[in-house]
Amino acid sequence: MDPPRCLGSSDLEEATDDIAAAATLHRGVPSDLVEKMMYDALVWSALHGLVVGDRRVQNSGTVPGVGLVHAPFALLPMSFPKAHWRQACELAPIFNELVDRVSLDGKFLQDSLSRTKKVDAFTSRLLDIHSKMLEINKTEDIRLGLHRSDYMLDAETNLLLQIELNTISSSFPGLSCLVSELHRILLNQYGKDLGLDSRRVPGNTAVSRFAEALAKAWNEYNNSSAVVMVVAQSEERNMYDQHWLCAVLKEIHGVATIRKTLSEIDTQGHVLPDGSLVVDGQTVAVIYFRAGYSPNDYPSEAEWRARFLMEKSSAIKCPSISYHLVGTKKIQQELAKPNVLERFLDTEDIAKVRKCFAGLWSLDDPDAVKSAIEKPDLFVLKPQREGGGNNIYGDNVRETLIRLQQQGTEELAAYILMQRIFPTASLAFLVREGVWHQDNAISELGIYGAYLRNKDKVIMNDQCGYLMRTKVSSSNEGGVAAGFAVLDSIYLT
Ligand code: ADP
Ligand code: MG
Ligand code: MG
């Protein structure tokens, strides 16, 4: 396999070998320097669209340009070992391929999720749509995946371990690029004072590569008057991340987008006899979901009708219902069982993928449940949910497991158990709403991946940039939008 694109620049190799400086990245920075960098960073964010809607302003999630605030960010990039970075990049195309292959095994998806289906109404509805597509033998010739595989570096074993693989609404391809750029600019200006070299912050291509993938998919659909449709939540304070993608799509590729909620698609959409999806009078070539991953996105039957309408159409879905299901935590856990990856990948790739799997257990494994009740701090209990804030940690793991056991075994199938990963904490400057504070922090690295194929022809299968998120080490969860973490970039050591 070719070296990952992110490492193609000779920048890295030329950078001074200043590992010691990186190790002390955020320590001992004089406060006047912090203030200067803060000021520059805040101005830069405002001028360059590193922004989100301000939750203190009422219309900030519905009207663009109203109530903007800089996105939460780390003032300086977090150090990250080059070897692990390479490893994460190298995994991206393998995971892309894995998702595609698993998605084609409808029986595997249905069987793996069959017990979850009984106790989790949301997953059950997704599976119903999937079953209906299997019944009508629906084939998706053109398949587009815009994924993000998230990792933490486990301190004790020094292993890069996967937290999860997102196959729907992978967020921050737009803003993550801006944070990398901001860090490079700050280090260009202040790097000498800090003993840091801006060339060690890898360039981030997420927004341009994701736009490229969407444009290529649009092109495969082969209807020059069709549009890309962004399925959005009715209130979205992270809209600028999404608008960045649409802007690049328009400006670089000349592809127009429309933005609709699930409920609008229900009222304004229909499928023509030839399978075309028409929404608000426009033919849709590609449906890009930035909503639809959470039960909250389906407050009534209208939203489910819209999801079904889109699925049965010939528009390219990013993701299709089967790609969506491959990204569930239950499938992650099933893939980690012995002899399962063997059904989908070759030996060399299996070894690479398995190396990044943390311990994952189904709750019908009595030994795992027993261990988790005894030592809850070593585990995370996860329901089939996305978007942050849903997992269970610490003493709540024990309490929940005991309660679920008492309720009967069925309920247990809604969750998986995962080994808790403990990254090394280091000092970071976390900036929110114009105020910084320094704290011990841990980070999660996400690698974006884009995959596009038309029948047998793989048109794109690449890693596409990265997202670093940093949070105070005392916090369990990690979502930026959910308010736990800040956007960050990496400083390769
Ligand atoms: P979601 O789909 O809601 O983002 P995740 O599996 O990514 O679900 O979990 C949310 C957050 O919880 C992660 O960003 C991470 O901070 C934390 N987390 C999840 N799994 C683990 C784990 N095994 N060890 C430590 N932290 C974890
Ligand atoms: Mg997720
Ligand atoms: Mg996550």
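Asp280 is partly exposed, with 47% relative accessible area; on this scale buried is under 20%, exposed over 50% and partly exposed in between (1.4 Å probe, protein chains only). The model is a predicted one, so to speak of local features a pLDDT of at least 70 is needed, side-chain atom pairs count only at pLDDT 80 or more, and totals for chains, interfaces and linings use all residues. Residues are numbered from 1 along each chain as its sequence is written, chains are lettered from A and ligands numbered from 1 in the order in which they are written, and side-chain values use heavy atoms, with hydrogens and water left out.

- Asp280 has a positive phi of about 55° without being a glycine, and its place is the loop between strand 10 (277-279) and strand 11 (282-289).
- Helices (H or I, at least four residues) and strands (E, at least two) are DSSP runs here, numbered from the N terminus.
- Asn222 is another non-glycine with a positive phi, about 65°, and sits in the loop between helix 9 (206-221) and strand 7.
- With 66% relative accessibility, Asn222 counts as exposed.
- Cys318 and Pro319 are joined by a cis peptide bond, omega being about 10°.
- Look for Pro319 in the loop between strand 12 (316-318) and helix 13 (321-326).
- For background, most residues other than glycine have a negative phi, and most peptide bonds are trans.

**Strands 7 and 8**

- Strand 7 (residues 227-231) runs parallel to strand 8, with four bridges between them; strands pair if DSSP finds at least two bridges.
- Met229 is the residue opposite Ile258 of strand 8.
- Getting from strand 7 to strand 8, the chain goes through helix 10 (residues 239-253), a right-handed β-α-β crossover (clockwise from the first strand over the helix to the second, with the strands pointing away from the viewer).
- In strand 8 (residues 257-260), Ile258 and Lys260 make up the covered face, while Thr257 and Arg259 are on the uncovered one.

**Helix 8 against helix 10**

- The axes of helix 8 (residues 173-194) and helix 10 come within 6 Å and cross at roughly 90°; they are lines fitted to C-alpha atoms over the stretch in contact, with angles from 0 to 180 degrees between N-to-C directions.
- That makes helix 8 roughly perpendicular to helix 10 (65 to 115 degrees; under 35 is roughly parallel, over 145 roughly antiparallel, the rest oblique).
- Pro173, Gly174, Leu175 and Leu178 of helix 8 meet Asp241, Trp244 and Leu245 of helix 10, contact meaning heavy atoms within 4.5 Å.
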